[in-house]
Structures are given as C-alpha cells and as structure tokens.
Amino acid sequence: MRHLSTAKKLWGLLGLIWLAMLLLAGWSAWEARQVMLAERKTSLKSVVEIAMSALKAQAAAVARGELDLEQAQARAAEQVQAMRYDGTRGYIYIFDEQYRMVAHPTLEKGAVVRDFQTPDGRYLFRELAAAADSEGGGY
C-alpha cells in the first residue's frame, strides 16, 4: 500500500465506495421485491378467502332449503366471476376435476382447459391444480 500514490489510493477508495453502493442498491431492490411479493400473496389469500366465504354462504343456503343446488351454483359462479384483485388485472375462477370451467370472467362455462398450453409448452391449468393441491395451497 505504501508504494501507491495518493491519487491511486483515492481512486481505489472511490471504487470501493461505488461497489458498496451497488451492492446496497441491489440488496435494497431484492428486499423491495420480496416485500411486494409478500403483499401480493396476502392480497390474493384475502380474495380467495372472500371467494370461499361466498361459496360457503351459497352451500349454507342450499342446506337451509332456501335455494336448490343449481341456483346456488349459478349465484356462486356469478359472484366469483365478478371478483378482482390487483386493481383489475387479477381475477378468480373455478374449474372442476375434469378441467371444465365453472366460473371465469372471459372463458365460457364448460370450456375444457385441461390441454391449454402456455407458449413455452407448459400445461397451465394442470400445473395450477397441482399447486392448489400441494401443501402450500398454490401460494
């Protein structure tokens, strides 16, 4: 270190400061991303809980004899189709065990989505069903 000139020492120090700032900025961006992801998960969980409450209310109406099953299912589908989260970008939908759409804001009721693939070849609804059945419930 003694053989370095003062200018080289200052440039070296400046380089270290810049490196530290870049590391700090990177860590801060990563941390902000983690917070936003956690907030989005919490928001989605809340919307799903609201949807489940709506479905349970319709099931209770059937149990009390106030509605028949078909009426309750139609009401529940309407309620779910109207639900949005993340502004208006996110929505809730329901498909059954045969991958037939029960409620979706843009797809027809009864549309079979089992073989729907993303541009990269993944079976979207099969993966969604597997994630929902997993321990974390798809979150």
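This report walks through the pockets and salt bridges of a predicted model.

## The largest pocket

Let's start with the open space. Rolling a probe the size of a water molecule over the atoms shows where empty space is left. In this model, the largest pocket has a volume of about 1200 Å³. Its lining is made of 32 residues, and those closest to the centre are Val48, Tyr93, Phe95, Leu128 and Ala132. If you have the structure open, these five residues are a handy place to begin looking.

Which elements build this lining? At least two residues each come from α1 (6-63), β2 (90-91), β3 (94-95) and α3 (124-133).

Next comes the second largest pocket, with a volume of about 340 Å³. Here 19 residues form the lining, and Ala72, Gln73, Ala74, Ala76 and Val102 are the ones nearest its centre. Two or more lining residues are given by each of α1, α2 (69-82) and β4 (101-103).

Which element gives the largest share of this lining? That is α2, with 7 residues. Sorted by class, the second largest pocket is lined by 11 nonpolar, 3 polar and 5 charged residues.

## Salt bridges

Now for the charged pairs. Side chains of opposite charge can pair when their charged atoms come close. Arg64 is exposed, because its relative accessible area of 53% is over the 50% cut-off.

Asp96 and Arg100 form another salt bridge, at 3.0 Å from N to O. Are these two partners buried or exposed? Asp96 counts as buried, because its relative accessible area is 19% and the cut-off is under 20%. Arg100, on the other hand, is partly exposed, with a relative accessible area of 38%.

Glu127 pairs with Arg122, and the closest N and O atoms of this salt bridge are 2.5 Å apart. Both partners are partly exposed: Glu127 has a relative accessible area of 36%, and Arg122 has one of 43%.

How values were computed:
Residues numbered from 1 in each chain as written. Predicted model: local features only at pLDDT ≥ 70, side-chain atom pairs only at ≥ 80, totals over all residues. Heavy atoms only, no water. 1 Å grid on protein atoms, 1.4 Å probe; cavity = no way out; pocket = protein on both sides within 12 Å on 5 of 7 lines; lining within 4 Å. Points joined across faces, edges and corners; volume = space filled by probe spheres on them. Helix = DSSP H or I, 4+ residues; strand = E, 2+ residues; numbered from the N terminus. Nonpolar A, V, L, I, M, F, W, Y, C, P; charged D, E, K, R; others polar. Buried < 20%, exposed > 50% of the residue type's maximum accessible area, 1.4 Å probe, protein only. Salt bridge = Lys/Arg side-chain N within 4 Å of Asp/Glu carboxyl O.
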